Amino acid sequence: MTITRTDRSLQKETIATHLGRPDAALGLVNWPVHRASTVLFDKVGDLEISGRQKFDKGKLYYGRFGTPDIFAFEQVVSALEGAYGTLCVPSGLAACVLPLVAFLKPGDHILVTDAIYEPTRTSLERFIARQGVELEFYDPCIGDGIAELIKENTKVIYLESPGSHTFEIQDVPAIVSCARSRGIITVCDNTWATAMFFRPLEVGADVVVQAATKYISGHSDIMLGLVSCQEQHYKTLREAANWLGYHAAPDNVFLAARGIRTLATRLERHYKTGLALAGWLEKQPQVRRVIHPALPSHPNHGIWKRDFEGASGLFSFVLDASRERAVKFVESLSLFGMGLSWGGYESLAIISDPSHARAVTHWKEDGILIRLHAGLESESDLIADLTGALALI
Ligand SMILES: *Cc1c(COP(=O)(O)O)cnc(C)c1O
């Protein structure tokens with residue numbers, strides 16, 4: 001008894017465990033990895049037909065266009081996001097950039113949240129703007145004030161909620177509805193929440209991009225990006241991915257497909273531990289401010305509560321200390337590793353400075369911003385580790 005279609009009555013935990021699995025007749029729980037370049041055809045006519053259909057969803061033609069295991073994973077993601085289709089791409093950053101390249105042409109205007117993931121910002125500034133696209137940043141907390149920034153040539157509005165490092169929660173429904181009524185395409189980076197906690201397509205966004213590198217893989221061992229979209233954009237995006245030569249490694253897709261089966265359970269724990277650490281930090285005298293959307297003290301807590309079903313394990317806090325002391329703090333932690341990315345089973349802590357990557361908003365808090373990722377370790381062990389490091393300040 002295999003569920004082979006998108007059954008909207010199923011809960012997301014069930015979708016994540018049952019969809020995108022091999023045909024029951026095979027008897028396998030999981031798809032094996034299909035490594036392929038050449039796909040063989042018996043008849044000249046079959047090869048020609050396949051060539052004409054190569055941009056259709058789930059069509060086997062040549063390795064670069066995907067294989068059945070990849071299509072199956074894309075199906076689970078689409079069902080979770082409420083998307084018509086999903087594309088696997090080589091990294092999260094590749095997912096962020098694909099819709100920009102696919103939709104924008106010289107003379108177009110794009111509005112971009114000022115709290116955007118910094119590499120996406122760099123990509124916009126270095127490559128997209130160079131193609132004659134007018135790039136304008138907006139305050140992530142602008143809400144329906146976005147209407148005032150929209151111009152005749154506005155083609156895309158780019159959202160990311162919460163903001164990288166600073167965790168502003170955007171009023172996605174308000175921004176999306178301003179865009180919709182004017183025929184503007186909205187692209188939303190949903191890496192932090194994943195479909196388990198927020199589904200931008202359900203509130204009317206056109207495209208969701210995310211790094212499966214983070215929570216979906218969950219083990220800090222792959223790079224993979226996902227682009228999910230409404231039906232009217234699927235072909236444009238799939239064609240762009242192929243003409244740009246994007247191809248996601250099937251071994252990475254296999255690990256992401258394995259990760260997504262346990263995503264809901266892991267996220268619950270990341271949420272619980274992250275919130276516990278955030279609440280505890282808020283009471284420490286060395287901490288100026290904790291920035292966690294699920295805390296009532298967060299400036300956009302109300303929007304988070306309205307739109308999100310949970311929070312992941314990633315948040316920030318401002319340490320009341322000099323940079324030198326903050327360096328000592330992160331270096332003396334033993335359970336929190338120091339390194340980029342997040343979403344794995346392990347806890348992380350890094351010093352962050354958003355001030356140089358802002359155009360229309362400003363980061364001018366006294367103290368040092370620390371970004372924490374709450375992993376799957378014991379909460380009390382993590383608090384003991386933080387206690388020890390804070391004692392040095
Ligand atoms: C990590 C991240 C990305 C990029 O993902 P990679 O797989 O590292 O390229 C994009 N957006 C956000 C919000 C991220 O945190």
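Analyst: Helices (H or I, at least four residues) and strands (E, at least two) are DSSP runs, numbered from the N terminus. The model is predicted.

With that numbering, the largest pocket can be described by what surrounds it. It holds about 710 Å³ of space, and 36 residues line it. Nearest the centre of this pocket lie Tyr117, Pro119, Ser164, His165 and Arg371. Three elements each supply at least two residues of the lining: helix H4 (92–103), helix H5 (118–128) and strand E10 (348–352). Of these, H4 gives the largest share, with three residues. Sorted by class, the lining of the largest pocket consists of 17 nonpolar, eleven polar and eight charged residues.

The largest cavity has about 150 Å³ of space. Its lining is made of 14 residues, and those closest to its centre are Arg64, Phe65, Cys88, Arg238 and Tyr246. Helix H3 (68–81), strand E1 (85–89) and helix H8 (231–243) each give two or more residues to the lining of the largest cavity. By class, eight residues of that lining are nonpolar, three are polar and three are charged.

The second largest cavity has a volume of about 40 Å³. The residues around it are Val77, Leu80, Glu81, Thr194, Ala195, Met196, Gln210, Ile216, Ile260 and Leu263.

Serine 312 sits in the loop between helix H11 (301–307) and strand E9 (314–319). Serine 312 counts as buried because its relative accessibility is 0%, and the cut-off for buried is under 20%. The side chain of serine 312 makes a polar contact with the side chain of tryptophan 192, at 3.0 Å. Apart from neighbours within four places in sequence, the residues in contact with serine 312 are Trp192, Phe197, Tyr215, Leu267, His270, Tyr271 and His292.

Conventions. Residues numbered from 1 in each chain as written. Predicted model: local features only at pLDDT ≥ 70, side-chain atom pairs only at ≥ 80, totals over all residues. Heavy atoms only, no water. 1 Å grid on protein atoms, 1.4 Å probe; cavity = no way out; pocket = protein on both sides within 12 Å on 5 of 7 lines; lining within 4 Å. Points joined across faces, edges and corners; volume = space filled by probe spheres on them. Nonpolar A, V, L, I, M, F, W, Y, C, P; charged D, E, K, R; others polar. Buried < 20%, exposed > 50% of the residue type's maximum accessible area, 1.4 Å probe, protein only. Polar contact = N/O pair within 3.5 Å; in protein donor to acceptor, adjacent residues only side chain to side chain. Contact = heavy atoms within 4.5 Å.
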